[in-house]
Amino acid sequence: MIHHLHVVAVLILITDTLNTERTFGLKPPQDVKIVGSYLQWKPSKDDNVLYSLQYTYNPKYNAEDEWLNVSSHIGRKLRITPEFYGAVFRVRTEKGNNVSEWQYSNPVQCVNVETFCIPVTNLIVTPERVSLTMAHMDESLDKEYGEHIEFNISYWKVDNGGSPKVESIITNRKNEPFPELELEQNYCFQVEYLLYNKPYGNASKERCEFIPETPEAARRRVLLYSILTTFFVSSMCGICIFVLFKYHKKVKQLLQPVQLEIPDHYREVLYGRFPLQAFPSPSSQSLRSCDLITVIEEEEQEKRSLT
């Protein structure tokens, strides 16, 4: 029984040794780093090896993380494209069944992907203040170029009548106020990098906002309208008084009621007396049945009144 245990232990040691030789049988690539827009490393002295590349977007990576394969690479550098922004690479040497340990790079930053490098902007619009705050995607540009990297701010008033007049401000500050903008107008803002006075990377997305009037401007507008209204009413009253004073006779004539001439035939109808017509006698041949009944009813009423 003890003999069998010794045999199993020896087999385990041999297997571990073979796996160790397979895993670390090659020297790893040296000086893995990101230079400009390329991931670079020093190749092995053996020209017949391949380099396996993987990457992850977890900045606090570890060996148990999920790593994505790039490809087996023959050369000694890889061009970094914008989709790799924020990624960490690792590289190892491969030859047959033999591999080396992984060697890790720094994260891909803004300075490494020029076409993807865009200023981060935030437009603040209130009745009291209009300002544009700017920030870097990361600090790599500031560390690499310092004061040579600047912000070029373009802004314009939205005008449907034609192409807008674009104005620009070049600054190193990360907060730029705009105190001279016209109130109650739409303005658009866009920012891009300048490196040694030349455009670098891409411009930020346009941000457009309506600039409201300040409380002071609203109060001034109300006060101005009140003054103009008072002046207009006072002027109209003065004009009316002047006209009444100078042309009071003509105004009096105009204000007199209009005298209408009534035709004579209307006068006869309105003011004339109508002749009284006697009732026809009962013996009259022209008395109609309805008239006879009326006369009888009147006679009966007279008799009743006498009794």
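Start by selecting E94 and R92. Their side chains meet in a salt bridge, with N to O at 3.5 Å. Keep in mind that this is a predicted model. The pair qualifies because the cut-off for such a contact is 4 Å. E94 has a relative accessible area of 18%, so it falls under the 20% limit and counts as buried. R92 comes out at 21%, so it is partly exposed.

Why can side chains pair like this? Side chains of opposite charge can do so when their charged atoms come close.

Next, select E182 and K157. Their closest N and O atoms are 3.3 Å apart, and the two residues form a salt bridge. Where in the chain do E182 and K157 sit? E182 is in the loop between β13 (175-177) and β14 (185-195), while K157 belongs to strand β11 (residues 149-157). This pair links distant parts of the chain, 25 residues apart. Show the surface here. E182 is partly exposed, at 40% relative accessibility. K157 is also partly exposed, with a relative accessible area of 26%.

Move on to E176 and R173. Here is another salt bridge, with the closest N and O atoms 2.8 Å apart. Is E176 buried or exposed? E176 is buried, at 8% relative accessibility.

Finish with the tally. How many salt bridges does the count come to? It comes to four. Among them are E94 with R92, E182 with K157 and E176 with R173.

Methods: Residues are numbered from 1 along each chain as its sequence is written. This is a predicted model: local features need pLDDT of at least 70, side-chain atom pairs count only at pLDDT 80 or more; totals for chains, interfaces and linings use all residues. Side-chain values use heavy atoms; hydrogens and water are left out. Buried means under 20% relative accessible area, exposed over 50%, partly exposed in between (1.4 Å probe, protein chains only). Helices (H or I, at least four residues) and strands (E, at least two) are DSSP runs, numbered from the N terminus.
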